[in-house]
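Subject: Structure handover and notes

Dear colleague,

Here is the structure I promised to pass on, followed by notes on what was found in it. Please read the notes with the structure open beside them.

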Amino acid sequence: MKTIKFLFCLLVVALFVGCKTDATETPAFTLGQKHEGGIIFYIDLTGQHGLIAAPADQSNCASWGCDGKSITGTSPFNGEGHINTALVIKKCNEKNVAAQICNDLLIDGYSDWFLPSRNELNLLYLQKDLVGGFVNNFYWSSTEYDNYSVWAQHFFNGHQDNNSKFPVARVRAVRAF
């Protein structure tokens, strides 16, 4: 009988101790926290993943590129900025455009930066005071509107608009963690 009780106790301990989660095992992320080369501006529902903004603008006068050329397949949704950036780079042969500037960025050993999608850029705008360093001007998204325009966001009032690809705007790279 003692052996059964002992085995039962071992089983109970193994189940509860083995399944116990320790809060120190998984990092707690917060908005505005410096992390992996930038500043966290979005955390998903798991609390373990999100988006990081570069700590400063990458350009104050970059063109989006490929005016008049369709870059089909770009998406406005969260989680799509990296795909959009790859599409723009693949389909637009122009140099020093917003997507290429983000793609070429290296900060603290991290090289997986991208131009945010329309919705990701809006998330960044909503946390602009935590991230800092923004000016009251338009910032490019990686989401195309049509052959001649793309979505951009004004960081003075948060207004998103389809702007011509031809003029220049500011660029702030982001990355996922």
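Rings of Phe, Tyr and Trp (for Trp, its six-membered ring) are taken as a pair if their centres lie within 6.5 Å, and planes under 30 degrees apart count as stacked, over 60 as edge-to-face and the rest as tilted. By that rule, ring pairs link Y125, F134, Y139 and F155 into a cluster.

Before going further, please note that this is a predicted model, in which local features need pLDDT of at least 70 and side-chain atom pairs count only at pLDDT 80 or more, while totals for chains, interfaces and linings use all residues. Residues are numbered from 1 along each chain as its sequence is written, and side-chain values use heavy atoms, with hydrogens and water left out.

The overall picture

The secondary structure comes to 5 helices and 9 strands, where helices (H or I, at least four residues) and strands (E, at least two) are DSSP runs numbered from the N terminus. Along the sequence the pattern reads α-β-β-β-β-α-α-α-α-β-β-β-β-β. Of the 177 residues in the protein, 41% are buried, buried meaning under 20% relative accessible area, exposed over 50% and partly exposed in between (1.4 Å probe, protein chains only).

Aromatic rings

A search of the whole structure finds 6 aromatic pairs. One of them joins F29 and F177, whose ring centres are 4.8 Å apart with the planes at 65°, so the pair is edge-to-face. This pair links distant parts of the chain, since F29 is in the loop between α1 (2-19) and β1 (34-35) and F177 is in the segment after β9, 148 residues apart; both F29 and F177 are buried. Y139 and F155 form a tilted pair, 4.5 Å centre to centre and with 50° between the planes. Because Y139 lies in strand β5 and F155 in the loop between β6 and β7, the pair ties together parts that are 16 residues apart in sequence.

Salt bridges

The structure holds 5 salt bridges, a salt bridge being a side-chain nitrogen of Lys or Arg within 4 Å of a carboxyl oxygen of Asp or Glu. Among them is the one between D57 and R172, with the closest N and O atoms 2.7 Å apart; D57 is in the loop between β3 (50-53) and β4 (59-63) and R172 in the loop between β8 (168-171) and β9 (174-176), 115 residues apart. Both D57 and R172 are buried. The charged end of R172 also sits over the ring of F134, 3.9 Å from its centre, which by definition requires NZ of Lys or CZ of Arg within 6 Å of the ring centre and within 35 degrees of the ring normal.

D112 forms a salt bridge with R175, the closest N and O atoms being 2.6 Å apart. D112 counts as partly exposed at 39% relative accessibility, whereas R175 counts as buried at 4%. E36, D112 and R175 are linked in a network of salt bridges.

A buried glutamine

Q153 lies in strand β6 (residues 149-154) and is buried, with a relative accessible area of 0%. Its side chain makes polar contacts with those of N122, at 2.9 Å, and Q160, at 2.8 Å. A polar contact is a pair of N or O atoms within 3.5 Å; within protein, one must be able to donate a hydrogen and the other to accept it, and residues adjacent in sequence count only if both atoms are side-chain atoms.
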